[in-house]
Amino acid sequence: MTKLKLGPIPDDKPVKLTVEVPAELHRDLIAYGEILGQEAGQGPIQPAKLIVPMLERFIATDRGFTKARRDHT
């Protein structure tokens with residue numbers, strides 16, 4: 001049998017989450033999307049489109065989480 005360099009492909013199928021956010025946070029997300037869209041020369045970016053990149057950025061830059069995850073595994 002041929003040994004391939006690629007191992008099993010993980011299931012990267014998106015998972016849909018439904019969350020409720022406080023009205024003030026929603027207003028902030030709307031304002032953030034408007035400013036970000038303006039800076040990019042686009043129209044406003046909807047709050048739902050901001051959440052994933054924001055969470056990814058937050059987790060990627062959280063040193064405490066990175067250390068705890070490394071220590072845990």
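Tutor: A pocket is an open set of points on a 1 Å grid over the protein atoms alone, where a 1.4 Å probe fits, with protein on both sides within 12 Å along at least five of seven lines; lining residues have an atom within 4 Å of a point. This is a predicted model, where local features need pLDDT (the predictor's confidence in each residue, from 0 to 100) of at least 70 and side-chain atom pairs 80 or more, while totals for chains, interfaces and linings use all residues. Numbering runs from 1 along each chain as its sequence is written, and side-chain values use heavy atoms, without hydrogens and water.

Student: Which residues lie nearest the centre of the largest pocket?

Tutor: Leu-17, Ala-48, Ile-51, Val-52 and Leu-55 do, out of 15 lining residues. H1 and H2 are the elements giving two or more residues to this lining, and H2 gives the most, with seven.

Student: Why are H1 and H2 called roughly perpendicular?

Tutor: Their angle is about 90 degrees, with axes 9 Å apart. Roughly perpendicular covers 65 to 115 degrees, so H1 and H2 qualify.

Student: Which residues meet there?

Tutor: His-26, Leu-29, Ile-30, Tyr-32, Gly-33 and Leu-36 in H1 meet Pro-47, Leu-50 and Met-54 in H2 (contact: heavy atoms within 4.5 Å). By class, that contact has seven nonpolar, two polar and no charged residues.

Student: How confident is the predictor in the chain, by mean pLDDT?

Tutor: The chain's mean pLDDT is 89, and 93% of its residues reach 70 or more. Among the elements, confidence is highest in H1, at 95, and lowest in helix H3 (residues 63–72), at a mean of 91.

Technical notes
Axes are lines fitted to C-alpha atoms, for helices over the stretch in contact, and angles run from 0 to 180 degrees between N-to-C directions. Helices (H or I, at least four residues) and strands (E, at least two) are DSSP runs, numbered from the N terminus. Angles under 35 degrees count as roughly parallel, over 145 as roughly antiparallel, 65 to 115 as roughly perpendicular and the rest as oblique. Ala, Val, Leu, Ile, Met, Phe, Trp, Tyr, Cys and Pro count as nonpolar, Asp, Glu, Lys and Arg as charged, and the others, Gly among them, as polar.
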